[in-house]
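Try each task before you read its solution.

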Amino acid sequence: MANKFVQFNNVSFRYDEEAPYALKNVSFSVFEGEWLAIVGHNGSGKSTLAKLMNGLLFPEEGDVYINHLKLSEELVWDIRDQVGMVFQNPDNQFVGTTVQDDVAFGLENHGIPRDEMVERVHEALRHVNMVDFLDQEPHHLSGGQKQRVAIASVLALRPKIIILDEATSMLDPRGRNEVLEVVRELKNKENLTIISITHDLDEAAKADRIIVMNKGQVYREGLPEDIFMMDDELTKLGLDIPFTTKLVKSLRENGYDIPKDILQEEKLVDYIWKLKQNI
Amino acid sequence: MMEKMIFGRYIPVESVIHRMDPRAKLIIVFLFIFVVFLANNPMTYGLLGVFTFIALLLSNIKISFIIKGLRFLFWLILFTFLLHIFFTKEGELLVSWGFIKIYEGGLIQGIYISLRFFFLILFTSLLTLTTTPIEITDGLESLLNPLKKLKFPVHELALMLSIALRFIPTLMDETEKIMKAQQARGVDFSEGSLTTRAKAIIPLLIPLFINAFKRADELATAMEARGYRGGEGRTKYRLLKWDLRDTLALLILIALSVTLILLRN
């Protein structure tokens with residue numbers, strides 16, 4: 001079994017003494033090098049989960065372990081070094097006045113010498129194809145470009161795990177694909193662990209594993225193909241199923257027997273192609 | 001209107017002045033404010049004018065562009081000029097027309113004060129025209145650094161300044177968006193008496209404030225997630241480099257002020 005990189009043991013959390021629990025008895029693990037998608041409708045506790053993973057919040061009950069370090073006041077900065085986060089709004093996480101300043105911001109915080117900083121800033125921006133934008137100001141960039149800079153500034157810190165907290169939800173379809181492509185390439189190249197928190201089940205379909213959250217609890221956990229099998233249930237939870245799944249469903253209703261592991265468009269095209277040949 | 005105004009805007013071209021250290025520029029502009037007051041006769045004003053225009057030429061920005069951009073400030077200059085002409089009653093009486101009396105002293109004083117204003121505006125606008133906001137912030141931080149010993153929060157001030165500068169265009173965009181959204185719902189920003197107009201601003205200001213709070217919250221979270229824990233133990237990405245030309249520029253300014261003092265009467 002792969003190394004458990006993130007581990008939640010019966011974690012409960014609420015924002016206020018009187019408030020209802022945002023998370024109740026949540027337990028799950030994330031393995032090293034996997035792409036995990038956490039899905040759920042608004043208020044299901046997804047973002048709270050993300051903030052618990054790098055100590056922006058602390059659990060009320062239960063323990064959170066990141067790379068075998070227990071989340072606590074003393075270790076919080078060591079944990080943050082290993083966890084990079086990309087947030088939803090591309091504008092509100094851009095600290096620097098220009099692209100390179102923004103990428104350097106995290107490095108400055110870690111007291112990294114200037115020469116190394118320059119090198120790492122360039123390297124990180126090369127990874128996300130933004131080297132030509134070194135001196136651009138944020139208001140001249142598109143949303144997708146800003147998110148790529150946000151990824152670069154996380155990368156420059158060389159984290160072991162990157163959390164995408166609805167990082168693509170404010171982007172147009174092209175920006176979304178761009179950002180996800182970049183993350184996927186990086187994951188393969190650098191052996192990163194990715195946790196993507198999202199509404200978008202198309203995005204989740206590409207993950208290695210999915211956790212469905214509902215009302216602050218883990219509702220279901222499994223491979224994408226298993227999760228999408230429960231399509232009606234998902235719709236009831238307020239989640240929309242991906243287009244390919246919908247298509248497969250209506251093909252099945254029309255008498256075509258399509259294997260359950262077909263989730264991506266390409267695979268479905270291949271399958272239909274072969275189906276035709278057999279006739 | 002915003003497009004034409006160049007007050008406080010940065011013009012990215014290549015020039016000696018662009019390449020200068022922001023600290024040197026800040027010091028020089030600060031000193032120039034005092035140097036301007038040294039001039040008090042045609043000779044000294046002439047010298048000051050030559051100095052200002054050489055500086056403008058060195059900045060490699062079209063002078064006509066600068067003058068056009070500062071047009072609205074010239075109304076202010078004209079206003080002070082007229083005030084001096086009409087209200088300074090010194091020297092020989094030049095014109096007497098009804099209740100309007102123009103004296104020689106008033107005319108000269110008016111010209112001098114306007115020139116002073118003119119040079120000051122041109123020269124100080126050079127700072128923002130040739131220096132990026134972030135450079136100005138860096139320069140200020142470095143110049144204020146000695147104040148750290150007096151427990152003055154220099155790093156915090158500089159960080160606040162640079163974040164404020166970075167958010168100006170973002171907030172401008174947002175203001176425009178909210179304004180249009182409210183106009184679409186029937187809010188009229190441009191008509192009515194002063195009070196109705198002031199009231200029309202409320203549906204603009206409140207969302208803007210609330211969004212600013214939200215932004216601040218998210219920004220703080222993002223900063224913390226990237227390991228920001230205060231000014232202690234931080235390194236700096238931007239490097240300020242004091243060159244020979246910076247020392248030279250300072251020396252020229254000192255030479256100018258000495259000459260001005262000598263030529264004063």
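**Exercise 1: around T48(A)**

Task: find which residues T48(A) touches, leaving out those up to four places away in sequence.

Solution. Start with contacts (heavy atoms within 4.5 Å): T48(A) touches F13(A), Y15(A), A22(A), L23(A) and L57(A). Next, pick out Y15(A), whose side chain is joined to that of T48(A) by a polar contact of 3.0 Å; the rule asks for N or O atoms within 3.5 Å, one able to donate a hydrogen and the other to accept it. Finally, check accessibility: T48(A) counts as buried because its relative accessibility is 6%, and the cut-off is under 20% with a 1.4 Å probe, protein chains only.

A word on the source: this is a predicted model, where local features need pLDDT of at least 70 and side-chain atom pairs 80 or more, while totals for chains, interfaces and linings use all residues. Numbering runs from 1 along each chain as written, chains are lettered from A, and side-chain values use heavy atoms, without hydrogens and water.

**Exercise 2: chain B against chain A**

Task: work out how much area is buried between chain B and chain A.

Solution. Count residues first: 27 come from chain B and 39 from chain A. The buried area (accessible area lost on being put together, 1.4 Å probe, summed over both parts) is about 3000 Å², with 54% from carbon and sulfur atoms. In chain B, R166(B), R226(B) and Y237(B) lose the most, together 33% of what that side buries. Now the charges: the interface has five salt bridges (Lys or Arg side-chain nitrogen within 4 Å of an Asp or Glu carboxyl oxygen), and R226(B) meets D102(A) in a salt bridge at 3.1 Å, N to O.

Key: Buried < 20%, exposed > 50% of the residue type's maximum accessible area, 1.4 Å probe, protein only. Buried area = accessible area lost by both parts, 1.4 Å probe.
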